[in-house]
Number of protein chains: 2
Amino acid sequence: MTGDQTVSRARSDPLESSDSVRSAKPLRDAQFARLEQPLDLERGGRIEEVTVAYETYGNLNEARDNAILICHAISGDSHVAKHNDRDDPGWWDIVVGPGKVIDTTRLFVICPNLLGGCRGTTGPGSNNPATGRPYGRDFPTITVGDMVTVQRQLLEQLGIPQLLAVVGGSLGGHQALVWAARYPEAVRGVIALATSPRLTTQAIAFDVVGRNAILRDPHFQGGQYYGKAQGPDVGLALARMIGHITYLSPEAMTEKFEADRLQPRDVAVEFEKQFSVGSYLGHQGAKFVERFDANSYLTLSIAMDLFDLGSNGRELAAAFARTRSRWLVLSFSSDWLFPPEQSRHIVNALLANSAPVSYCNVQSHCGHDAFLLPDELSSYGGMMRAFLDNLAATSRGAGSMEDGPHGTTSIFRQHRLDYDRIVELIPSGASVLDLGCGSGGLLARLMHRARSADGLVRGSSLAEATETGGRGRPPSDIGGQGCPPSVSRLVGVELDESNIFTCISRGLDVIHADLNKGLGAFATGEFEFVVLSQTLQTVQDVELVVMEMLRVGQKGIVSIPNFAYEPLRRMLYEHGRAPKSGGVLRYEWYNTPNARFFSIADFEDFCRQKNIIVHRRIALDTEAAVEISENPNLKADLAIFVLSLAKGLYEI
Amino acid sequence: MTGDQTVSRARSDPLESSDSVRSAKPLRDAQFARLEQPLDLERGGRIEEVTVAYETYGNLNEARDNAILICHAISGDSHVAKHNDRDDPGWWDIVVGPGKVIDTTRLFVICPNLLGGCRGTTGPGSNNPATGRPYGRDFPTITVGDMVTVQRQLLEQLGIPQLLAVVGGSLGGHQALVWAARYPEAVRGVIALATSPRLTTQAIAFDVVGRNAILRDPHFQGGQYYGKAQGPDVGLALARMIGHITYLSPEAMTEKFEADRLQPRDVAVEFEKQFSVGSYLGHQGAKFVERFDANSYLTLSIAMDLFDLGSNGRELAAAFARTRSRWLVLSFSSDWLFPPEQSRHIVNALLANSAPVSYCNVQSHCGHDAFLLPDELSSYGGMMRAFLDNLAATSRGAGSMEDGPHGTTSIFRQHRLDYDRIVELIPSGASVLDLGCGSGGLLARLMHRARSADGLVRGSSLAEATETGGRGRPPSDIGGQGCPPSVSRLVGVELDESNIFTCISRGLDVIHADLNKGLGAFATGEFEFVVLSQTLQTVQDVELVVMEMLRVGQKGIVSIPNFAYEPLRRMLYEHGRAPKSGGVLRYEWYNTPNARFFSIADFEDFCRQKNIIVHRRIALDTEAAVEISENPNLKADLAIFVLSLAKGLYEI
């Protein structure tokens with residue numbers, strides 16, 4: 001959002017006269033396209049002539065299926081990255097470039113300046129053909145939807161009917177959401193960073209104060225300050241200062257300015273310089289005025305505040321009803337301007353449409369700006385790269401990066417006998433939600449089995465529910481690129497960030513969430529199977545988690561360690577010691593993640609009390625690797641239950 | 001902090017000419033005192049003539065020991081409450097008045113307008129005797145310390161040498177902290193609400209932007225706008241709007257404006273009115289300008305930003321080295337302007353000085369303004385009332401409100417046999433920290449025993465460490481009012497807010513904290529005994545908690561349920577069921593708060609592994625109410641251990 005790297009790049013201007021914009025100029029590397037049609041605006045009115053400034057990186061391949069659209073945030077521009085080593089820095093050089101997360105040796109990147117902006121694309125500083133002078137405040141109210149319409153026309157003119165992915169953070173994320181909602185066939189993947197379905201009231205409030213500072217600046221002159229000696233520089237600088245505070249986390253601010261709290265640098269600005277954070281803000285404000293147009297700021301800021309995909313889950317789900325894309329949604333834990341809760345709203349709406357989505361709330365201290373900063377790049381950038389790799393692999397018909405049936409990335413880095421049996425219990429093609437999926441071992445095996453059954457190992461076309469999937473959408477060819485999808489919906493829920501990274505790398509869909517908060521994101525009966533494998537003993541709210549799994553799953557599969565296994569009983573009875581064993585019972589009493597100790601009989605009692613139907617119980621002695629049929633509560637160390645809340649649709 | 005109730009109270013002006021302040025007037029009910037001496041300022045300079053506007057409520061008693069000083073926040077004034085039913089609303093009517101939390105039928109309340117303010121006390125709008133015109137920007141930089149100096153002189157002139165308590169929130173809290181740090185003998189109690197040792201960098205940043213809006217308003221005219229047609233109204237309104245956002249929590253803002261997000265009320269202001277939150281902010285800004293002076297805002301805002309009791313724990317502890325007061329520190333969970341962490345810094349600094357302090361982070365959705373709002377009044381107001389009652393009772397030599405030795409407010413609402421033994425293990429007069437103290441049952445018994453030993457049941461003079469208390473401060477007569485203190489330091493740590501309320505009502509010192517985060521607030525060896533009674537089985541990080549208790553305590557006393565008690569063993573061995581019993585083992589496996597299951601032998605093993613010395617073990621069969629000497633790991637259902645990390649100073 002800061003994008004201050006661009007400050008030194010005010011250059012010559014091929015299409016627009018630089019004096020038509022008081023304080024901003026298009027960029028040296030920009031190309032320009034004049035849209036073939038006038039632009040009819042969502043909120044009424046029309047812009048007769050629209051020019052788009054954009055930059056491109058890499059080459060469009062012959063199949064024209066490697067294009068990435070990058071949408072910038074409020075103060076960004078088309079210069080997302082350097083074009084070569086001698087070039088000026090771009091605002092996202094850490095992500096875009098040869099060999100980087102968005103690898104321009106393989107991908108074709110397009111980054112247009114926004115409609116309403118001031119770096120080459122038509123905006124309030126552009127000449128109004130009707131008057132022959134800059135629009136100023138006559139520039140109409142535009143929306144994020146209008147911005148996307150312009151981008152869509154640009155891509156059509158460039159001959160790109162479908163994007164491999166649209167990528168954007170903050171306001172750029174808003175554009176990405178609209179792309180996917182409005183042009184489902186045109187967007188194979190979406191990466192939405194630090195964004196939201198609408199602004200919080202608090203975020204709007206900050207915007208309002210910033211706009212008031214501009215509008216009430218006496219030099220604003222009704223917006224017709226172009227070419228005048230003075231413009232609303234103070235107001236724009238104040239707006240930028242407010243914005244800047246909201247882009248940083250409180251902890252990052254303290255880190256940055258604690259050492260010299262009362263020793264500000266003496267910057268050449270007419271703002272208060274008593275505190276170091278003040279001299280910094282004054283400097284940022286003054287710099288921004290050099291490169292940005294106040295009318296553009298008003299226009300884009302209003303567009304952000306008006307952006308609204310829905311105020312509740314139902315509306316939001318409806319907004320994404322037609323999505324056909326694969327999604328990666330990333331929020332940042334310390335982002336208070338676009339709080340993670342808002343990303344979860346997006347994710348929930350996508351899940352409500354059974355859309356293939358992975359979500360991670362990346363642990364970060366960098367606030368809203370985190371997606372522009374290198375601090376957590378290894379995490380958010382790594383997930384983006386893996387997601388794009390899988391997306392590209394899918395279109396090439398190649399396999400994803402997952403480890404195969406007996407990968408070594410399972411939780412316990414050992415063969416999981418219970419997985420073998422759980423896989424057997426789940427019919428091929430059934431939709432599965434794995435709660436506490438770890439690094440995705442079980443889901444990877446299910447995916448591999450489905451692909452093998454297909455006669456080929458396909459890419460990660462986990463997207464579609466098959467006809468056996470009950471409530472899933474009708475099959476489509478997304479991802480499968482023409483071959484009928486037999487891999488049904490496989491989704492994981494996991495709390496650990498590094499496990500989520502691994503799942504995404506394996507081409508799995510995984511949602512970052514805490515089971516103890518319920519499964520509100522999932523609809524009743526949405527999955528044929530919900531699995532809870534050796535996780536229940538770590539759960540705080542057992543009743544909630546079990547009842548939720550049986551609401552969301554037509555059947556639930558629970559595997560539990562049996563605390564009444566004979567050797568464990570003896571430890572307590574004969575030796576008076578807390579039972580301990582291998583696997584999930586390998587810990588000491590004082591450092592175990594397990595918080596629930598119970599037996600097969602206890603669990604069966606629980607099921608009776610809660611009116612849970614046990615369709616099947618498989619008891620195992622995992623050490624001997626045998627199934628136990630007699631006296632399992634004594635002889636088995638692990639049991640797998642198939643459960644439901646009512647008579648199942650079919651018996652296994 | 002909002003204090004908008006005062007807007008309608010611009011009245012006649014007895015001491016200052018109303019035209020000397022452009023937009024603010026002193027209040028009808030204010031009395032005025034001219035200080036007998038000029039005011040030498042902390043940061044240099046002097047104000048020759050200082051007038052203080054103040055209001056009083058209730059009557060000073062003959063002993064002159066019932067006076068409460070209330071310090072207001074940045075935009076408050078002397079009118080803290082109505083004087084009668086026909087009076088204008090005060091800014092804290094919910095707290096101050098007959099029968100209320102600060103009960104003016106029993107207490108004498110003084111509320112002065114701040115130095116630098118604009119409601120009667122000398123400030124930038126006052127006449128500068130040197131020039132004969134208002135100070136304007138010539139008003140010197142003042143500090144919170146200067147404000148307190150003025151208040152101290154006022155109280156001396158009123159003949160009040162000692163306050164029962166000083167009470168303040170936000171900037172008012174800053175003043176309360178300075179009072180206690182600087183005049184330890186003059187302040188028997190402190191209630192510090194929603195305050196901090198210094199502002200966060202983020203809070204300073206918002207202040208800087210607000211001040212820049214005022215300073216760069218063309219009508220500011222170097223601060224000499226008094227009597228002019230126009231002043232920096234837009235700048236002041238912008239500053240107020242920013243402030244307003246920071247006083248509310250994001251969730252409260254959403255609640256307030258969600259319903260009519262895009263249907264603002266049409267308020268008569270020249271600010272943007274496109275969004276409901278915007279029309280609200282515009283209205284608040286415009287209202288504020290009617291009652292507040294921009295120069296006062298600058299002056300007070302700078303004083304807040306400069307306020308700094310220390311940037312680290314050591315400095316902050318030094319600031320409170322001389323405190324002799326009892327403290328109640330309250331933060332609010334959704335306050336992001338003065339985040340709870342900052343209140344914990346204050347509490348830690350007080351604990352580092354062995355000061356008697358209770359702390360609660362009140363669960364609230366109201367943000368920084370919570371202490372001015374009725375939503376959580378039953379909690380924060382209740383704690384304030386209980387604290388003041390105990391403080392007043394102490395000075396009258398009456399008992400506190402605690403329940404006596406066998407009160408019914410213990411965790412399990414039943415007699416705790418383990419408490420009997422733990423009380424016996426602790427020598428009379430020893431200092432005790434009770435971790436997970438619940439509603440304070442054990443501490444209340446220890447307090448009662450100490451008082452009984454005293455031959456009288458005294459008030460809650462828990463403050464002082466006795467000479468046996470090792471590192472405590474030398475005994476003083478605070479609280480005891482002349483009788484030698486034999487009750488040593490008794491402090492509880494507790495997570496549950498309602499338990500904290502109960503502890504405070506009992507006159508106990510209790511700190512709101514999560515044991516799993518360690519005991520960083522307490523010094524090594526600070527207490528003779530640290531107790532963990534039937535709590536260890538609920539703790540996540542057992543090693544951390546035990547090692548921390550043995551660092552802070554010269555000895556630790558741990559009581560645990562014995563999971564290897566014979567009937568429990570049989571349940572698992574014979575019936576294959578998770579053991580269950582009475583007391584803390586009364587829960588079902590799926591809803592128990594217990595997360596650790598271990599036996600006496602397990603715990604003894606743990607102690608051996610961690611080089612913890614077991615000085616004594618008492619094993620009990622609590623059902624039979626007998627001590628068990630033979631085979632306790634089988635025969636006892638509960639054990640009490642006395643532990644230390646090194647040979648104790650004495651053996652019990």
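Before I go on, a word on conventions. This is a predicted model, in which local features need pLDDT of at least 70 and side-chain atom pairs count only at pLDDT 80 or more, whereas totals for chains, interfaces and linings use all residues. Residues are numbered from 1 along each chain as its sequence is written, chains are lettered from A and ligands numbered from 1 in the order in which they are written, and side-chain values use heavy atoms, with hydrogens and water left out. Helices (H or I, at least four residues) and strands (E, at least two) are DSSP runs, numbered from the N terminus.

Staying with helix 1 of chain B, 12 of its 14 residues are buried, so it is largely enclosed by the rest of the structure; buried means under 20% relative accessible area, exposed over 50%, and partly exposed in between, with a 1.4 Å probe and protein chains only. At its start, a side-chain oxygen of B:Thr143 reaches to within 3.2 Å of the backbone nitrogen of B:Gly145, and the helix is followed by B:Gly159, whose phi is positive, near 75 degrees.

Let me turn to the interface. Here 77 residues of chain B are in contact, that is, have heavy atoms within 4.5 Å, with 78 residues of chain A. The area buried between the two chains is about 6900 Å², of which carbon and sulfur atoms give 61%; buried area is the accessible area (1.4 Å probe) that two parts lose on being put together, summed over both. B:Tyr573, B:Trp589 and B:Tyr590 supply 13% of the area that chain B buries against chain A, more than any other three residues.

Across this interface the rule finds 6 salt bridges, a salt bridge being a side-chain nitrogen of Lys or Arg within 4 Å of a carboxyl oxygen of Asp or Glu. In one such pair, A:Arg211 and B:Glu272, the closest N and O atoms are 2.4 Å apart.

Over all chains the count comes to 59 salt bridges. Within chain A, A:Arg198 and A:Asp308 meet in a salt bridge at 2.9 Å, N to O, and this pair links distant parts of the chain, 110 residues apart. A:Arg198 is buried, with a relative accessible area of 10%, whereas A:Asp308 is partly exposed at 32%.

A further salt bridge joins A:Glu526 to A:Arg489, with the closest N and O atoms 2.6 Å apart. A:Glu526 lies in the loop between strand 17 and strand 18 of chain A, and A:Arg489 in the loop between helix 12 and strand 16 of chain A, 37 residues apart. A:Glu526 counts as buried at 7% relative accessibility, and A:Arg489 is buried at 3%.

Helix 12 (residues 441-453) of chain A has 13 residues and reaches 18 Å from its first C-alpha to its last, close to the 18 Å expected. Its buried residues, including A:Leu442 and A:Arg451, pack against helix 11 (417-425), strand 15 (432-435), strand 16 (490-494) and strand 18 of chain A.

Definitions and conventions. The expected span of a helix is 1.5 Å times one less than its number of residues. A polar contact is a pair of N or O atoms within 3.5 Å; within protein, one must be able to donate a hydrogen and the other to accept it, and residues adjacent in sequence count only if both atoms are side-chain atoms.
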